[in-house]
Amino acid sequence: MSRESLLVISAHVGDFVWRAGGAIALYTSRGHAVTVVCLAYGERGESASYWRKGLNLEQVKEKRHQEAEAAVKVLGAELITFDAGDYPLIETPELLDRLVKVYRVVRPTVVLTHTERDLWNADHETAHSIATKTRIFAQAPGYDPGTEVIGAPPVFMFEPHQTEYSSFMPNVLLDITEVWDRKLEAMHCMEGQQHLWDYYTDVAIRRGAQAQRNSGPNLGLVADTKGEAYQRVYPQVTTALS
Ligand SMILES: [Zn+2]
């Protein structure tokens, strides 16, 4: 089995946990490399409980950084934080260039990121834009010609918070049952967003039930399957229809 390299591009600290924690744990448990890039901490937009406690900006960022480090430790991944600022996350040439460099070092075989549309969070849309543009830039021999270009890793969008309103139509359901305990533990590292612990447990149960319902007999998914939903950005290239 060749070693895969999974690159997860997350706008804020919590996103990679709620939306892709199962995929991350699944890949690391199989011996693959997983790198998580957090473009921002979500310090202004996704840390309300810390602001209500009276923490200042630097304290909130420190809290969120600690949460991210704890979560990637549980999931077995590497963490890169850009601290680019949120609300708004701004797509700058410098930010794009930093991510191209990550692509060329990590050399992903699979990329996970946000949906193109997210009516409730423009930072997520910006993250999608940054993630897909830099993947293309990293393929271009003329961009930073001293470094080696990458191939064409498939990109999967992970599930947004309000699915139906964000034009998300999942066409991949990932069985994460065997690593569910680790995803739950990682979710519990997000102390600033405890209101989402049960919410994303419910999502995993619902997607798991759909996975079980849609799986063939060979997979043998059980009734308490946990799942994560994804949607491909680019066409699947295959030599057989399966
Ligand atoms: Zn977010």
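Predicted model: local features only at pLDDT ≥ 70, side-chain atom pairs only at ≥ 80, totals over all residues.
**View 1. Helix 1 packs against helix 6 at an angle of about 140 degrees.** Two packed helices are described by the angle between their axes and the distance between the axes. Here helix 1 covers residues 15-29, helix 6 covers residues 180-187, and their axes are 9 Å apart. The angle makes helix 1 oblique to helix 6, and the crossing is right-handed. Look for Val17, Trp18, Gly21, Gly22 and Ala25 on the helix 1 side; they meet Trp180, Arg182, Lys183, Ala186 and Met187 of helix 6. Sorted by type, the residues of this contact are six nonpolar, two polar and two charged.

**View 2. Helix 3 also packs with helix 6, at an angle of about 170 degrees.** Helix 3 spans residues 57-75, and the axes of this pair lie 8 Å apart. Angles over 145 degrees count as roughly antiparallel, so helix 3 is roughly antiparallel to helix 6. Ala71, Val74 and Leu75 of helix 3 make the contact with Arg182, Glu185 and Ala186 of helix 6. Four of these contact residues are nonpolar, none is polar and two are charged.

**View 3. The largest nonpolar core holds 61 residues.** In soluble globular proteins, nonpolar side chains tend to be buried together. Within this core, Val8, Ile24, Val36, Leu39 and Ala71 touch the most other members. Helix 1 gives the largest share of the core, nine residues. Which residues does Val8 touch, not counting residues up to four places away in sequence? Find Phe16, Ala20, Ile24, Val34, Val36, Val37 and Leu112 around Val8.

Key: Residues numbered from 1 in each chain as written. Axes fitted to C-alpha atoms, helices over the stretch in contact; angles between N-to-C directions. Helix = DSSP H or I, 4+ residues; strand = E, 2+ residues; numbered from the N terminus. Parallel < 35°, antiparallel > 145°, perpendicular 65-115°, else oblique. Left-handed = near helix turned anticlockwise from the far one by under 90°. Contact = placed C-beta atoms within 7 Å. Nonpolar A, V, L, I, M, F, W, Y, C, P; charged D, E, K, R; others polar. Core = buried A, V, L, I, M, F, W, Y, C linked by C-beta atoms within 7 Å. Buried ≥ 20, exposed ≤ 12 C-beta atoms within 10 Å, placed from the backbone.
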